[in-house]
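Dear colleague,

Please find below the structure that I am handing over to you. My notes on what was found in it follow, and I would be grateful if you read them with the model open.

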Amino acid sequence: MSRLGSAAPPVALSKKKAIDRLVAAQERLLRLRLLLGGQIGEKRIGPPLCVVFEGWDASGKGGAIKRLAAPLDPRHVRVSQFAAPTYDEKRHHFLWRFWPRLPGWGGMAVFDRSWYGRVLVERVEGLASREQWTRAYGEIVEFERTLTAEGMIIVKFWMHVSAEEQLRRFRDRAADPLRTWKLTDEDWRNRDKRPQYEDAVAEMLERCDPTWAPWHVIAGDNKHWARLAVVEAVCAAVEAELEQRGYDLESPGEAAS
């Protein structure tokens with residue numbers, strides 16, 4: 001499990017400092033998103049941006065997605081959540097249902113769960129045969145290679161929390177009438193199978209981490225750090241791509257409206 005490591009933040013950071021850095025990163029993200037969409041700067045349509053979230057139950061995916069999307073105009077980002085495939089979706093290749101949700105040039109999409117379900121929950125729960133999920137590693141890598149070769153920026157996050165912190169969050173949800181809906185019997189069953197999921201996560205990180213779409217493992221025991229780390233990582237990925245494409249990132253651009 002060396003790829004996962006500790007779920008504790010790598011640096012000591014107070015809540016106030018984390019929030020201040022998050023606000024700065026959100027402002028940075030807003031400007032970058034407007035550059036991608038051609039609303040400011042050189043006003044050319046930039047490459048599509050797809051941010052993919054996977055992680056343990058109660059690992060903070062929803063909170064991180066909220067902070068990522070909050071500074072953006074709702075017209076400029078689409079958040080999609082993926083649950084178990086429907087009967088009709090099962091009639092197609094497992095990647096088929098994700099294509100319509102992918103962003104086009106100038107667009108941004110955030111995926112809460114993704115095609116990695118084939119090598120995680122479908123593998124552990126026996127919903128895919130061994131031949132299917134072992135073949136899926138290569139299919140996923142080639143799928144992402146195709147998208148990035150066409151210009152897409154893919155930023156992938158595994159939200160990592162310790163078993164102890166996960167249990168604490170489960171209990172908090174169970175005690176809160178407004179959040180009990182977020183805790184299901186399936187969450188408890190998945191927790192009982194954490195060792196099997198750890199094996200699946202380790203292999204996923206090892207085999208689906210190409211240079212064109214690398215994984216970012218986010219230490220999530222501290223929510224404030226995790227949210228900050230996510231937004232900063234997205235900003236860094238977008239800036240690296242735009243610099244390669246010759247964008248002037250030093251120019252203040254036009255005022256956002």
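**Findings**

The chain exposes about 12,900 Å², and carbon and sulfur atoms supply 52% of that area. Please bear in mind that this is a predicted model.

I begin with the overall architecture. The chain contains nine helices and five strands, and along the sequence they follow the pattern α-β-α-β-α-β-α-α-β-α-α-α-β-α. The radius of gyration is 19 Å, close to the 18 Å that the globule rule gives for 257 residues, so the chain is as compact as a globular protein of that length. The C-alpha trace spans about 50 × 45 × 35 Å along its principal axes. Of the 257 residues, 48% are buried. Among contacts with a separation of 6 or more, 78% are between residues 24 or more positions apart. As for charge, there are 40 positive and 37 negative side chains, and the centres of the two sets lie 3 Å apart.

Phe157 deserves a look of its own. Leaving aside residues up to four places away in sequence, Phe157 touches Val51, Val52, Phe53, Glu54, Trp215, His216, Ile218, Val230, Ala233 and Val234.

Helix α2 (residues 61-69) has as its buried residues Lys61, Gly63, Ala64, Ile65, Leu68 and Ala69. Their cover includes α1 (15-37), β1 (49-55), β2 (78-81), β3 (108-112), β4 (153-160) and α9 (223-244).

Is valine 231 buried or exposed? Buried means under 20% relative accessible area, and valine 231 counts as buried because its relative accessibility is 0%. Which residues does valine 231 touch, not counting those up to four places away in sequence? They are Leu22, Ala25, Gln26, Leu29, Arg67 and Leu68. One of these, leucine 29, is 202 residues from valine 231 along the chain, yet their C-alpha atoms are separated by 7.4 Å.

With kind regards

Definitions and conventions
Residues are numbered from 1 along each chain as its sequence is written. This is a predicted model: local features need pLDDT of at least 70, side-chain atom pairs count only at pLDDT 80 or more; totals for chains, interfaces and linings use all residues. Side-chain values use heavy atoms; hydrogens and water are left out. Helices (H or I, at least four residues) and strands (E, at least two) are DSSP runs, numbered from the N terminus. The radius of gyration is taken over C-alpha atoms; the globule rule is 2.2 Å times the number of residues to the power 0.38. Buried means under 20% relative accessible area, exposed over 50%, partly exposed in between (1.4 Å probe, protein chains only). Contact means heavy atoms within 4.5 Å. Accessible areas come from the Shrake-Rupley method with a 1.4 Å probe; for residues, only the protein chains shown count as cover. Lys and Arg count as positive and Asp and Glu as negative; His and the chain ends are not counted. The place of a charge is taken as NZ of Lys, CZ of Arg, CG of Asp or CD of Glu.
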